[in-house]
Every structure is written in structure tokens, then in C-alpha cells.
Amino acid sequence: MNALSIKKKVWMGIGVTVLAVILLSSMLIFFLYERLYVDQQIEQFEREGQALAALYDQEGLSDEFYSFLEWSQQTSDAVYVVTEDPMELAGGAPFEDEYSEEMISFEERQILLQGESVYVRRDHPRFQQEMIGVAIPFTGEGNRLEGIVFISQPLTDLYELFSNVLWWVILIVALVGGVILFMGSRLTKQLVGPLLKMKLVAEKMESGDFSERITLKRSEDEFMQLADSINQLADSLEQVESNRRIFLANVAHELRTPLSYMIGYMEGIEEEVIETKKGMIILTQEAQRLNRLVNDLLDLAQLEGDKDSFDKQPVVYAELIREASETVQVIANQKQMAIELDLNEESIIVADRDRMKQVLINLLTNAVAYSDPGNPIHVTLQSADGKAEVAIKDYGYGIPEKDIPRVTERFFRVKRGRSRIDGGTGLGLSIVQEIIAKHEGIFHLHSEEDKGTEAIIVLKEYD
């Protein structure tokens with residue numbers, strides 16, 4: 001069974017609301033009719049009957065009594081019947097005596113005989129319409145029943161009075177229902193419309209199309225914020241997809257280049273165009289470069305996928321830097337370059353020793369590779385405000401200002417020719433950035449072309 005759409009649910013809610021308004025309005029109309037008209041009319045009959053009973057008790061059926069009775073009849077649409085013979089009511093009074101049905105039942109006569117008023121609401125015997133009435137007993141000495149005043153009125157008369165108000169009530173209910181439908185339509189358009197647009201964009205994103213964006217022509221609200229969030233997500237996914245394609249293209253290119261060299265030299269050795277010894281040297285170099293590239297790709301994939309669990313332990317930072325410097329010093333000696341250290345021996349960090357050593361070796365190797373022979377490399381370690389800051393500064397080729405934001409991108413090379421000859425894969429700084437991020441640290445570069453580069457790492461110190 002298919003689930004109802006949001007639009008249908010909203011309209012169902014609107015329909016239920018309209019029905020509830022109609023039902024409550026009907027109950028209100030019934031309440032007004034019963035309470036404001038019928039009940040009040042009964043109370044009015046009761047008051048007038050009691051007034052006549054009080055006057056009868058003082059004057060009897062005098063001229064003053066009949067004058068008051070006549071005045072009451074002129075100021076009301078009710079029918080007033082006064083009799084000193086209660087049995088007349090049993091014969092159909094106040095209507096024709098020959099009508100066989102009784103207006104007052106036997107049980108009600110018994111109540112009158114006890115001196116209590118009787119309220120009547122039943123169908124009229126002759127005219128087949130509902131009527132209301134009140135019979136008030138006149139009592140004499142010894143609480144003896146001497147007479148009755150019966151005040152009655154057909155409900156049709158009351159309904160005609162109420163109908164004027166009823167039409168206004170119906171008109172108001174219709175207007176309220178119309179307003180609810182109008183507002184419901186507007187709300188449906190404003191609430192469901194953006195959701196449908198978001199659903200369409202989400203479906204396209206699911207299918208791999210990240211080019212669609214949500215445009216809402218309204219002021220800032222939760223829907224606009226949600227639309228902006230989805231648009232930002234689409235931008236991010238589109239950028240990720242673009243980077244993925246570029247990455248795959250770069251991987252294919254980087255793998256194809258050494259393989260092309262290797263195939264070419266192998267064919268040359270086979271055809272004896274290239275000396276075997278020279279060809280094997282080149283094949284070994286390209287195989288080593290291919291191996292480094294594959295290892296770096298695997299390393300980067302493990303870092304990004306959190307598959308590589310870090311074993312973080314307190315580490316003496318200066319000792320770790322010194323070990324990395326000794327490892328790189330062999331390469332630096334080939335270019336007559338000194339690695340000068342200025343280290344705070346008391347600084348301790350919590351880190352994965354091997355991964356942080358990998359970062360330091362990578363940065364020191366870059367400093368050696370992109371500097372002219374004879375230039376020194378300065379490494380400093382300082383502590384301040386619970387932070388340990390390492391700065392590795394060289395005086396080499398430097399990086400153009402426009403390229404600094406891109407140096408951590410995969411396969412990006414500032415000087416592609418020199419990088420490939422030197423064996424770089426273009427992934428070193430990407431790996432450095434990932435490792436530093438996993439240590440909740442900060443990595444950034446300061447560089448000036450032809451003047452050198454300074455790589456800075458900031459990590460929290462061990463408390």
C-alpha cells in the first residue's frame with residue numbers, strides 16, 4: 001500500500017479542520033437555539049406565570065388581573081389561557097375542546113395538584129408542530145389548587161426569530177471555512193512546494209547529477225535555510241565528484257608514465273637498441289617510482305577512510321624531530337646541506353610516533369629537494385599556551401603565491417618537470433595534511449618564490 005504524499009496529508013488535515021469547524025458551528029447553533037431562545041423563552045414564561053399567580057393570589061380573577069393578562073398577551077407572541085377548572089386542560093385546551101388529545105397528561109396534572117409548575121415540550125396535537133409551554137398552578141388556602149395559567153408558543157415562531165441570527169451564523173461559518181481553505185491552499189503551496197523541489201533535487205543527487213539547485217522566492221526562514229544547506233551539499237558533492245574524476249585522471253596519467261617508460265626501455269633492450277645495463281637502471285628507477293606512487297595512494301586512502309588506526313602515545317617531540325633529521329641528513333649531505341636544529345627539549349605531544357615521523361621526514365625531504373646545494377635548513381620547536389609549534393624553513397625555490405592554496409591537492413606540482421625527475425608523486429603534502437588533521441593539529445605554509453618556504457605544524461602539548 002502506497003503511503004500518502006505530504007500534499008494529500010496536508011489537504012486531509014485541512015478537510016478534517018473544515019469538518020471540525022462545521023461540526024463545532026452546528027453544535028454552537030444548537031446551543032444558541034436551545035439556550036438563548038428556547039430556554040430563555042421557558043424562563044420568561046415561568047416569570048410571567050409566577051407574576052400572574054402572585055396577582056391571582058392577591059386579587060383573584062379581578063379586572064386588574066385580566067388587564068395584566070391582556071397586556072402580557074399584547075407584548076408576547078405566546079398564548080395565555082387561564083382557568084379555574086384544571087380539567088379543561090385535560091380536554092385539549094387551550095385549543096378547541098372537541099380535540100380529543102390532551103395537552104396535559106395525567107401525570108402532569110398530578111404535579112399541578114401538588115402545587116408545582118409543569119414544563120411542556122411536545123408536538124402540537126392538531127397542527128403537527130413542536131410547541132413549548134408552562135403550566136403554573138394557582139393555589140389557595142391549605143395549598144389547594146384553585147386555577148392554572150397555561151402559557152404556550154409553537155417553536156416555529158421561535159425559529160423564525162432565530163432564523164435571522166442563524167443566517168448570520170451560517171455566513172460566518174462559510175467565511176471561516178473559505179478562509180481555512182484559502183489559507184490551506186497557500187500553506188500547501190508554501191510548505192509542500194519547497195519540499196517537492198527539494199525531493200526533485202535529492203533524487204537527481206541520488207542519481208549522480210549534482211548540478212541542480214533549489215531556488216525559493218521567499219524571505220529567510222527554515223525552508224530557505226534547509227534549501228541553502230541542500231545547495232551547499234550539492235556544491236560539496238559536485239566538488240567531490242569533480243575531484244574524484246581529476247584524481248582518477250591523475251592516477252591514470254601517473255601510472256601510465258612510468259609504465260610507458262618501462263615498456264619502451266624493455267622493447268629497446270629486446271631490440272638491442274639500448275644497452276642492457278643502462279636500460280635496467282632506468283627500469284629500476286621507474287619501478288621504484290611506481291612503487292612509491294602505489295604506496296602513497298594506499299597510504300592516502302587509508303588515512304581518508306579511517307582504516308589506519310593511530311597508536312597515540314606521549315612522545316618527546318624534540319627526540320622525534322632529531323630522529324627524522326638524522327634520517328634525512330644522508331640525502332642532505334649529498335647536496336652539502338646542513339639541517340640546523342633549535343628545539344625545546346621539554347615539549348611533549350600525544351601522537352602516533354611513526355606517523356608524525358613520516359610527516360617530518362616528508363617535509364624535510366621536500367626542503368632538501370627544492371633547495372640549491374649548500375643552503376641550510378632550519379628546524380625550530382617552540383612551546384606557548386599549551387601548543388607545540390614546529391617550523392621547517394628552507395631557502396630554496398619557494399612557491400608562487402597563487403599556488404600555495406593548492407599545494408596540498410593530490411598530484412599538484414609547482415614545477416612539474418623538476419618534481420617528476422626528482423621522483424615526487426605529488427601526494428606528499430596531501431598525506432601530511434591528513435596525518436596532521438587526524439592529530440587535530442594545524443598545518444600551513446609560508447613561502448615566497450625564489451626565497452624559500454617555511455612549513456609550520458601546530459599540535460596540542462601533552463598536559
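Student: What percentage of the residues in the protein is buried?

Tutor: Of the 463 residues in the protein, 38% are buried, where buried means under 20% relative accessible area, exposed means over 50% and partly exposed lies in between, with a 1.4 Å probe and protein chains only. This is a predicted model, in which local features need pLDDT of at least 70 and side-chain atom pairs count only at pLDDT 80 or more, while totals for chains, interfaces and linings use all residues. Residues are numbered from 1 along each chain as its sequence is written, and side-chain values use heavy atoms, with hydrogens and water left out.

Student: How should I read the packing of helix 8 and helix 9?

Tutor: Two packed helices are described by the angle between their axes and the distance between the axes. Here helix 8 (residues 317–334) packs with helix 9 (residues 353–369) at an angle of about 40 degrees, and their axes are 9 Å apart; axes are lines fitted to C-alpha atoms, for helices over the stretch in contact, and angles run from 0 to 180 degrees between N-to-C directions. Helices (H or I, at least four residues) are DSSP runs numbered from the N terminus, as are strands (E, at least two). Helix 8 is therefore oblique to helix 9, since angles under 35 degrees count as roughly parallel, over 145 as roughly antiparallel, 65 to 115 as roughly perpendicular and the rest as oblique.

Student: Which residues make the contact?

Tutor: Among them are L320, I321, S325 and V328 of helix 8 and M356, L360, I361 and L364 of helix 9, contact meaning heavy atoms within 4.5 Å.

Student: Is S325 buried or exposed?

Tutor: S325, in helix 8, counts as buried because its relative accessibility is 5%. A polar atom of the S325 side chain lies 2.8 Å from the backbone oxygen of I321, and, leaving aside neighbours within four places in sequence, S325 is in contact with I339, L341 and L364.

Student: What is the phi of D450, and where does D450 lie?

Tutor: D450, which is not a glycine either, has a positive phi of about 65 degrees, and its place is in the loop between strand 10 (442–448) and strand 11 (452–460). With a relative accessible area of 60%, D450 is exposed.

Note on methods. Polar contact = N/O pair within 3.5 Å; in protein donor to acceptor, adjacent residues only side chain to side chain.
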